[in-house]
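Take a look at the model, try each task, and then follow the solution.

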Amino acid sequence: MHVIETYFECGGFDHRFLQGGISVYLWNLSKALAGQGHRVSVVTPAHGRLDDLRASYDLETLDYEDSYELPLVLDPATWAAFPPEVGIPLTTTAHRLRLDGVDLYFLSNRLLDELPDRFYPPYHTKGSDLVFFKPLGYQVDTVRFVRRYFADEKALIHAHEPYYHYLLPAAFRDDPSKLVVGTVQSNMPITKKVYRPKVERLLRFLDAQVTLPAEDEAPDRSCSEHETVLSAYQQRTHLHYEYGPGHVRIYDLVADHADLLDFLSPGHLAFYTDFADTPFERPFTRLPVRETVARNAHKSFVGGCAIGSRWTDAARPAADRAAVLGGLGLDPDLPTFFHNARYAVNHKGQVELFRAVDRVLDEGLAANFVLRCISDGGIDDPYLREVVERHRGRIHLECERVEEQRILEYAASSDFCLFPSKFEMDTFLIAQGEAMSVGAVPIATAQLGMAHFGHVADPLDGPFAARATGFAVNRSFAEDDALLVDALAARIRQAAALLRERPEEYRRLRANAIATAREFTWEQVARLHLEAFTPLWEERRPEPDADLLLRHGWFDLLPAEAYRTRPDAIAEAAARFGDADAYRRCRELDPTAAHALFEAAWLRADFDRCAAAAEADPSLRARLSGRRTVADGRIVYRLPHAERVEVVTLAPPGPGRREVSVRPLERTAPGVFAGVLGGEREHIHPGGELTLLLTLADGRSAWDVVRHD
C-alpha cells in the first residue's frame, strides 16, 4: 500500500533537522513500513532549511508550484490589532529527498520557511504575529499538495497529533482514493478548541463539505456550587480548560472524520477514553466530548512506539561505570539513580524528585543521583541549585543537550532510573524505556501511558512479581505533591536496600527491565500499524462493539435490546463499577447484590452509586452518611482508604478565569481527616456545599460534596 506520513516536522533522519520526539517517531516508523515492502511518502515543511538539506543530501526540486492566498479569519478577542480577516499570499514549491527507501517531500513558501531554528511558533506570537499560523498553513499546503501531486492515487494518510492535522480528515473525507488515520501522541487536553469561524472559512476554501458539530451550550449558571468548583479546578489538572462561545473542539474534527485513530500504548488509549481515576473523570462524563469519544471508540487502535536500535544493539560495548561516574565526581561503588527528561517541573515531577532526593540524602542514604533536566536556558530555580550544592559529590545536575552516547553511558552506569511524571502527560516515555534497555531498574509513576514498561506490579510479591521490572509510585495530579515526595523517598530507600541486601532480586528485576524494554522495536510498531491499516485498505472498517461499551461502563449508551440479550455481561460490568441502576435492569437487586455493588462503589469513592445501592438495603445508609460530620465550624471526614482529603473552594472573584483555593484537612488518624471551615482565600456560603477532593491509597482521585450550614 502507499502510506503518506505527514507531520509538522520530520527530521529524524538527521539530528540537525529535528526539534521534537514525534519527528523521530515518524522517521523510524516510515523506515520500518518501507522495510516491510510498502511505499512510504513523507510530507513536511522545509522550515527554511533547503540549502542545508542540499549541502548534505541529493535534494531534487520538483515541477510543482502552487500560488494561492491563505484566508485567515481572526478571533477579535485575541487579534484585536488586526482586521477580522487577512490573506497571506503564498507560492509553494516541493522538493524530494529519497532516503532509506522513503520519499520525503519538503514544502516551501514564505510562511513555512519562517523560524528555521525552532520550527514551532512561540506562544507569545499568538495575537501579535501571523507566524503563529504557520502550523495551519502547513495543513492547508499538505492538503493541496497531496490532492495535486498524488491526485487519484490510492493512499493512506497517516497524520500525527490532532492540533497539527485537524483539517486533514475533513478535507479528505469525501475523497474515495484517500484514507486518513489520525494519531494522538500527547495528552493535550481533549477539550482543546480553536476559533470556529477560522475553521469554517478554511474548510470552505478546501472545498470540504462537512458540517461542524453543534457548539457546546454555555455553562449553566444555575448549576450547583459543587459543579462550578469542579469545573474551575480543572485548569490545575492540565487536562481541561473552558472556552468562550465561537470555538470548536479539534478532537471532534479528527475523531468524527478520520477512518481510524492511532494511540501509542494501551494505557494511553485507556486514559484518553474515559480519564478514569483522575480529577477530570467526573466532569468529563458531563461534557459533550464524552459522546464524541464513545461514538468513535471502535475506530481506535494501539500502533505503539519503540526504543531506538542504538539502545538495544547487543554489540554495543559496555559502559565503564568507574570512569563515567568518577568523571562526574561521584562514587561508582554507591547505588546510582538516573533521571533524564526536559526541564518541566510539573509535567516531569521534578520538584517532588528533588525534594525526595534532598530528604533521603539528609537522612544519610549513601547514593548517587545523575539528574538530567534539559533546558536550553539553564535552570534558575534556587531550590534545585541549593539541593545540588548541599549534596555535592552525591548529585550531578545537567541541563545541556549532549550526544546520545553520553546519555547511554549515564543510564548504563546507573542501577535505577527515576521517572516521576505527573498529570498523565507521558504517553509512552521513550527515555524510561531507553534507560531500562541498558539495565536501569525503573522507579516511576503508575501512569497508564507508561504501564507497558512493567513497573506497576508489585516487584517482590503477588501474582505478577515474576515479570515485574521495578517500582511504582501512585499517579499524581497535584502540583508540589507531598504524597508523591513521600512515595519517591520510600521507593528510593527500598531500592537501595534491595541492591545492598538482596542482590539476586535486584538482578532479576534488572533482567526483566532489559527484556521488557527490548520488546519495543520499530519492526513491531510497523506490524501493529499494518494490522490496522490492511483491513482499512481492503475496505473492511471496524464496527461499534457492545463489549467496548461495557469495558468502560458506558451503560447509558447500550442499545435497549442488550439488556435482554446480554444480561450476564451487563450484570458483571455493573458489579465492577458498582452501578446499581444498570444492574437492576437485568438482575434482581437483592441485599447480597446491593452489598457487593456498594463495596465496589465505596472502594472507588463513588458515593452517588453507593447511595443508589443503599436504596435496596437501608442498613448501608448509616455507613454512607457516617463518612462526614460538620458541626460548630469544623468538619471531620472518615474514609479508611483515603490518603489525603482537600477542601476545594472558589477563590474570591477576580479578572479572567475562576480560580480555586485548595487546602488539605489534617490527617488525625489513618483514614480520618479534620479541619475548620473557611480560610483566607475561601468563599464558603452559608447553607451551601463544600467540595472535597479525595486521593485514595491506590492513587485514584475522587470528589465528594458536603452540605453545611
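**Exercise 1.** Are F13 and F106 buried or exposed, and how are their rings arranged?

*Solution.* Start with accessibility: F13 and F106 are both buried, where buried means under 20% relative accessible area, exposed over 50% and partly exposed in between, with a 1.4 Å probe and protein chains only. Next, take the rings: their centres are 6.4 Å apart and their planes stand at 70°, so F13 and F106 form an edge-to-face pair. The rule behind this pairs rings of Phe, Tyr and Trp (its six-membered ring) if their centres lie within 6.5 Å, with planes under 30 degrees apart counted as stacked, over 60 as edge-to-face and the rest as tilted. Helices (H or I, at least four residues) and strands (E, at least two) are DSSP runs, numbered from the N terminus.

Two notes before going on. The model is predicted, so to speak of local features a pLDDT of at least 70 is needed, side-chain atom pairs count only at pLDDT 80 or more, and totals for chains, interfaces and linings use all residues. Residues are numbered from 1 along each chain as its sequence is written, and side-chain values use heavy atoms, with hydrogens and water left out.

**Exercise 2.** How many aromatic pairs are there, and what is the geometry of F8 with Y138?

*Solution.* The ring rule gives 43 aromatic pairs. For F8 and Y138, the ring centres are 5.8 Å apart and the planes are at 70°, so this pair is edge-to-face. The two partners are 130 residues apart, with F8 in the loop between β1 (2–6) and α1 (21–35) and Y138 in helix α3 (residues 134–149). F8 has 0% relative accessibility and counts as buried; Y138, at 1%, counts as buried too. Finally, look around them: F8 and Y138 belong to one aromatic cluster with Y7, Y120, Y163, Y164 and Y166.

**Exercise 3.** Which residues touch the most other members of the largest nonpolar core?

*Solution.* A nonpolar core is a set of buried Ala, Val, Leu, Ile, Met, Phe, Trp, Tyr and Cys residues joined through side-chain atoms within 4.5 Å. The largest has 188 residues, and F13, L104, Y251 and F555 touch the most other members. Now follow F555: leaving aside neighbours within four places in sequence, its contacts (heavy atoms within 4.5 Å) include L550, Y563, I570 and F577. Another core, of 36 residues, lies apart from the largest one, and L365, F369, V485 and A489 are among its members.

**Exercise 4.** Which charged residues lie over the rings of Y383 and F607?

*Solution.* The test asks for NZ of Lys or CZ of Arg within 6 Å of the ring centre and within 35 degrees of the ring normal. Over Y383 sits the charged end of R355, 4.9 Å from the ring centre. Over the face of F607 lies R627, at 4.1 Å.

**Exercise 5.** Where is V184, and what does V184 touch?

*Solution.* V184 is in the loop between β7 (178–183) and β8 (193–195). Its relative accessible area is 1%, so V184 is buried. Not counting residues up to four places away in sequence, V184 touches E161, P162, Y251, D262, F263, L264, H268 and Y272.
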